[in-house]
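These are my notebook entries on one protein model. I worked through its helices, a sheet, a disulfide and the core in turn.

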Amino acid sequence: MHAFRPLLRKSLFNLFAATLAVGALVVPRAVNAEALLLIEADSGKVLQAENATIPWYPASVTKIMTAYVTLKAVKDGKITLDTLLTVSPTAASQSPSKMGLRPGTQLTVDNALKMMMVKSANDMAVVLAEGLGGSIDGFSVMMNDTAKKLGMTQTNYVNPNGLPADGHVTSARDLGILARSFLRDLPEYEYFVHIPAIRFGKRITPNFNKLIGRYPGADGFKTGFICASGYNLVASATRNGRRLIAVVLGANSGTARAVKAAQLLERGFSQDNLSWLRPSLGTVENLVPVDASPPNLREEMCGGHRKHPASDDDDALIATNGSGSTSLTGGEAKVTFFTAGLQPPLMKASDLMASAAEAVEPVVVYTGPTRTGAALVAAVAADADQQATPKVRGKKSRVAKKPDAGSEAKTAAAKPDATAKSDAKSAAKPAASKHAAARPAENKPVANKPAADKAAASGDQAAKPAKPKAATKPASKPAPNNS
């Protein structure tokens, strides 16, 4: 009997491979549907890949590279987490999602990183870029040099936050390589990719990555959205010492990308005993790039059929198309396995993502230099007082609205964070964090967020008045990048 086992395995393998090949020929997948990738963090082994080497607009997952370059500089001793950076007019002019700090405000590298990775603050990405590279262009060169060294052959960066820009592209393959490199090269700074929430003054902002605090073992990374890219997510999770990385590009809502990532991760964690049944897909570095233009999902993601404006802070489970139908890849499908009936899931992925996140103490962020104890309490109170300052009402300036300026949380900029009603008392008593970065009392934060966000909500060049017709004229071409 044992003599026939190798033959049985070979026959099953050939049958499985043939089925996949026939399916690919008979029902070709639409290139612009989505890109999926699941890999092992340690080995780089590919467990699932679908459109993984199709070029894609990265949106705010760009900030994984911004954080990598910044933290590599910290590790190499070029800067420290306590290094003070200054918000420039260029940084302050970035589109939402952003912190809304005024030009001249200072804050530490540590706090800028936390704000960027949790709130996906586009202004903080530029603050870091200018602090390290001297300018957005200078830092982009550093990002591209790093991408080349890591083997990210399909990636080109134009800015540090992923806002729309010609030539700003990546792929699921390259994002998998970047996530692996981050975990391998910067294990001591891994904390920055799985902070569940931050508290700035009186406002609490949860991480846009809905897996954190909901999916068992979730421990990183970053979300992204612009109209042209759809909803993107790089996510990691660990179980029984085994860590997987899932990449989802082009999902149709914020929750849908989280559900799809949870499905991928669940499949990966459940397939150990069936690995011999599946053909080897090699390692992520060996995936062959496809020479093509990135799909433009602007109409699908931001067209008139959507009932609500699309943004990275999207609670909708499934976005519907014009006919009201839904996509199976949108996320309501149950968590399934490669071999049906292996074991039933404890909870549908959609139910898991809809549940409340695990209660945690938000990490305190603030402006100014690093402080501790009473000085830290005073700095946080100063930020809270600044937010409480009444907004000066004046004439509304007309500004042109960039069609694709839908960065990480377009809607989040127009309204307070979900838990903004936290009382001042709790805001004044922050819990100590691993990398608490403090701010100077003399450098009072100037984050008049309501005023800044109101100006930013109409585009990333809020200071420039728009021509009357420019505000309503649709874009003639897709915006290549997001934030």
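How are H2 and H6 oriented to each other: roughly parallel or roughly perpendicular? Before answering, I record the basis of the entries. The model is predicted, and local features need pLDDT of at least 70, side-chain atom pairs count only at pLDDT 80 or more, and totals for chains, interfaces and linings use all residues. Residues are numbered from 1 along each chain as its sequence is written, and side-chain values use heavy atoms, with hydrogens and water left out.

**Entry 1. Two helices**

I looked up the helix pair and found that H2 and H6 are roughly perpendicular to each other, a class that covers angles of 65 to 115 degrees, whereas under 35 counts as roughly parallel, over 145 as roughly antiparallel and the rest as oblique. Helix H6 spans residues 136-150, and it packs against H2 at an angle of about 90° with the axes 10 Å apart. Axes are lines fitted to C-alpha atoms, for helices over the stretch in contact, and angles run from 0 to 180 degrees between N-to-C directions. Helices (H or I, at least four residues) and strands (E, at least two) are DSSP runs, numbered from the N terminus.

I then listed the residues that meet. From H2 they are Thr 62, Met 65, Thr 66, Tyr 68, Val 69 and Thr 70, and from H6 they are Phe 139, Met 142, Met 143, Thr 146, Ala 147 and Leu 150. Contact here means heavy atoms within 4.5 Å.

**Entry 2. The core**

I asked which residues of the largest nonpolar core touch the most other members. They are Met 65 and Met 124, in a core of 96 residues. Helix H2 (residues 62-75) gives the most to this core, with 8 residues. Such a core is a set of buried Ala, Val, Leu, Ile, Met, Phe, Trp, Tyr and Cys residues joined through side-chain atoms within 4.5 Å. Buried means under 20% relative accessible area, exposed over 50%, and partly exposed in between (1.4 Å probe, protein chains only).

Leaving aside residues up to four places away in sequence, Met 65 touches Met 143, Thr 146, Ala 147, Leu 150, Met 152, Tyr 157 and Leu 178.

**Entry 3. An enclosed helix**

I checked the burial of helix H4 (residues 109-118): 10 of its 10 residues are buried, so it is largely enclosed by the rest of the structure. The buried residues include Asp 110, Asn 111 and Lys 114. Ser 120 follows H4 and has a positive phi, near 55°.

**Entry 4. A sheet of 3 strands**

I traced an open sheet with the order E6-E5-E10 and mixed pairing. Strand E6 (203-206) and strand E10 (363-365) are its edges, each pairing on one side only. Neighbouring strands are turned by 30° against each other on average, direction ignored. Two strands pair if DSSP finds at least two bridges between them.

Strand E5 (residues 197-200) pairs with E10 in the parallel sense over 3 bridges, and with E6 in the antiparallel sense over 4 bridges. Arg 199 has Val 364 in E10 as its bridge partner. Phe 200 stands opposite Val 365 in E10, and its bridge partner in E6 is Arg 203. The hairpin of E5 and E6 has 2 residues between the strands, and Gly 201 takes a positive phi there, near 65°. Ala 197 and Arg 199 point one way from E5 and Ile 198 and Phe 200 the other way, yet all are buried.

**Entry 5. The disulfide**

I searched the whole structure for disulfides, taken as cysteine sulfur atoms within 2.5 Å, and found 1. Cys 227 and Cys 302 form it, with their sulfur atoms 1.9 Å apart. The pair links distant parts of the chain, 75 residues apart: Cys 227 lies in the loop between strand E7 (218-226) and strand E8 (230-239), and Cys 302 in helix H9 (residues 298-302). The link is left-handed, with -95° about the S-S bond. I note that Cys 227 counts as buried at 2% relative accessibility, whereas Cys 302 is partly exposed at 27%.

**Entry 6. The chain overall**

The protein chain has 14 helices and 10 strands, and buried residues make up 53% of its 483 residues. Among contacts between residues at least 6 apart in sequence, 75% join residues at least 24 apart.
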